Amino acid sequence: MLTIENLTNEIDGKAILKGLSLSIKAGEIHAIMGPNGAGKSTLAYTLGGRPGYQVTGGRASFDGVNLFDLEPHERAAAGLFLGFQYPVEIPGVSNLQFLRESLNSQRKARGEEPLSGGEFIKLAKEKAGLLGLDMEMLKRPVNVGFSGGEKKRAEMVQMGILDPKLAILDETDSGLDIDALKIVGSGINAIMRKPDKAVLLITHYQRLLDYVKPDYVHVLAAGRIVKSGGPELALELEREGYAEVVAA
Amino acid sequence: MTTLTLPTRRQEEWRYSDLDALAAIWPTPAPTRIDVAAGENARHHLLQDAGEGAAAVHDYAITIADEARLDFHVLNIGGKFGRVTFTVTLGKGAHFELNGAIIGGGDQVLEIITKVTHAEPDATSGQTIRSILGQRATGSYLGSINVARNAQRTDAFQSVKAMLLDRTATANAKPELEIYADDVKCAHGATVGELDKQALFYMASRGMDPATAKTLLLKAFVAGVFDDVADEAVKDRLEAAALAKLEALV
């Protein structure tokens, strides 16, 4: 589904990713772990198309399409979802309005009919219920006044409604207490653990992986994948630390 | 009293105006008078949507008598030069509320000028102006509040926010206070900003095309200006005109 080959990029002239390769097939969940400053969030933003994240070499093919030929909104319409470490607040725009415009923009880009107000509300209720988020929260402006945990749950409701093929989740576990972590973890499983979908989880810690079991774990250091393995690699990292594993 | 001499830019209240466009319609008609009688509540609105290339000047001379209230809503979007001015005198315990939006593109010069005099004690006034300016448009708000010596317990605010869509657009905001009483609350705030780039990327990452995302953010920016228009038909007309203008701009 996603094949990244020898990707290099820079931000303000500074090289961050230095030849990163990774391949994700449908039905798989991959986790990327690594020390601070390794380029984990940069990878997520580069794939999402954030302005200022300049691709300088390599390729990323998403379902056979060159990802870097697409504008950020076109990547979303093609089925990519980026979960933000710090979800953005948008005063004056309600979550429902935000999501309905987003979903219908995607549907239009794919040549599908827009969802009616009633159909949309029904869908939103179902997905909010899955994440234990009150519909009243969705009537409020996007992320404004939400706690850290509420923001992350709202992100997962967005993911549920937009129903992507590939979710890249950048530290979705940060700022969550144990209960919220469980809810978010089971939300990811319910929405994304399907044969035709895939997930790239970016995280510092093993604990999210207790709830969302990865098929593959990769260690990202200094802009490259330096080690790959099964779920046991995450436990090894937790036990021995990045320095030990990266050096080995 | 109407002066027949064309104003110059040296006069502060004409400093940002399009005087060439003004010359074509000079002298402008006498001000529209609005006198709100003691204890009454009145509502007025103006949709300044003059045709392309036209010049339009609307002057209002307003008195609000003791314990009376006037709510005025203005949307200033039309013509090459669109100017709306308010000269307001407040009686004891009176209230003046102005909610306005300026939305301009091309080479439009749009302005709202207010002179609010708190002549007696206990009067209150509120002015909220939101401007959205694209291309080479200029939007100005010049607002002075004058509090007379005996106008104790005056409470007045001016809130002015402008959003620039292009580097070539200009926003001028000039709140001015002249206070001769000593027990007075006057607040003013003015900001000029651009669309939040982080928000635009967040919206794009969810699939919104740039024009939809910008329009949604701009709608949110001016939302509230027409919230308390009592007449639903007027409210719909103002909101629809603002939205159509926004959609043409992004």
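Chain A of this predicted model contains 9 helices and 12 strands. Its radius of gyration is 18 Å, close to the 18 Å that the globule rule gives for 248 residues, so chain A is as compact as a globular protein of that length. Taken along the principal axes, the C-alpha atoms of chain A fill a box of roughly 55 × 40 × 35 Å. Of its 248 residues, 43% count as buried. Among the contacts in chain A between residues at least 6 apart in sequence, 71% join residues that are at least 24 apart.

Chain B can be described in the same terms. Its secondary structure comes to 4 helices and 12 strands. A compact globule of 250 residues would have a radius of gyration near 18 Å, and the 18 Å of chain B agrees with that. The C-alpha trace of chain B spans about 55 × 40 × 35 Å along its principal axes. Buried residues make up 42% of the 250 residues in chain B. Of the contacts in chain B with a separation of 6 or more, 81% are between residues 24 or more positions apart.

Where the two chains meet, 15 residues of chain B are in contact with 20 residues of chain A. On the chain B side, the elements that give two or more residues are helix H2 (197-205) and helix H3 (210-222). H2(B) gives the most to this side, with 6 residues. By class, the side of chain B that touches chain A has 9 nonpolar, 4 polar and 2 charged residues.

The interior comes next. In soluble globular proteins, nonpolar side chains tend to be buried together. Here the largest nonpolar core has 132 residues, and those with the most contacts inside it are Val199(A), Leu201(A), Ile64(B) and Ile132(B). The surroundings of Ile64(B) can be listed, leaving out residues up to four places away in sequence: Ile64(B) touches Val36(B), Arg69(B), Leu70(B), Val88(B), Leu90(B), Gly91(B), Ala94(B) and Phe96(B).

A helix pair in chain A shows packing between elements. Two packed helices are described by the angle between their axes and the distance between the axes. Helix H6 (residues 148-162) and helix H7 (residues 178-192) of chain A pack at an angle of about 10°, with their axes 10 Å apart. That angle makes H6(A) roughly parallel to H7(A), because angles under 35 degrees count as such. From H6(A), the residues in the contact are Gly149(A), Lys152(A), Arg153(A), Met156(A), Met159(A) and Gly160(A). They meet Ala180(A), Ile183(A), Val184(A), Gly187(A), Ile188(A) and Ile191(A) in H7(A). The residues of this contact divide into 7 nonpolar, 3 polar and 2 charged.

Some backbone details in chain A deserve a look. Asn6(A) has a phi near 50°, a positive value in a residue other than glycine. Asn6(A) is placed in strand S1 (residues 2-11) of chain A, and it counts as partly exposed, with 13 C-beta neighbours inside 10 Å. Glu171(A) also has a positive phi, near 45°, and is likewise a residue other than glycine. Its place is in the loop between strand S9 (166-170) and H7 of chain A. Is Glu171(A) buried or exposed? With 21 other C-beta atoms within 10 Å, Glu171(A) is buried, because 20 or more such atoms are required for that class.

Gly111(A) lies in the loop between helix H3 (95-109) and helix H4 (117-130) of chain A. Gly111(A) is exposed, having 6 other C-beta atoms within 10 Å. Its C-alpha atom is separated by 51 Å from that of Glu244(A), which is 133 residues apart from it along the chain.

The peptide bond from Trp26(B) to Pro27(B) is cis, with omega near 0°. Pro27(B) is found in the loop between helix H1 (19-25) and strand S1 (32-36) of chain B. Gln135(B) is placed in the loop between strand S8 (124-133) and strand S9 (138-147) of chain B. With 14 other C-beta atoms within 10 Å, Gln135(B) is partly exposed. Leaving aside neighbours within four places in sequence, Gln135(B) is in contact with Gly105(B), Gly106(B), Asp166(B), Thr168(B) and Ala169(B).

Notes:
Residues are numbered from 1 along each chain as its sequence is written. Chains are lettered from A and ligands numbered from 1 in the order in which they are written. This is a predicted model: local features need pLDDT of at least 70, side-chain atom pairs count only at pLDDT 80 or more; totals for chains, interfaces and linings use all residues. Two residues are in contact if their C-beta atoms, placed from the backbone, lie within 7 Å. Ala, Val, Leu, Ile, Met, Phe, Trp, Tyr, Cys and Pro count as nonpolar, Asp, Glu, Lys and Arg as charged, and the others, Gly among them, as polar. Axes are lines fitted to C-alpha atoms, for helices over the stretch in contact, and angles run from 0 to 180 degrees between N-to-C directions. Angles under 35 degrees count as roughly parallel, over 145 as roughly antiparallel, 65 to 115 as roughly perpendicular and the rest as oblique. The radius of gyration is taken over C-alpha atoms; the globule rule is 2.2 Å times the number of residues to the power 0.38. A residue is buried if 20 or more other C-beta atoms lie within 10 Å of its own, exposed if 12 or fewer, and partly exposed in between; C-beta atoms are placed from the backbone. A nonpolar core is a set of buried Ala, Val, Leu, Ile, Met, Phe, Trp, Tyr and Cys residues joined through C-beta atoms within 7 Å.
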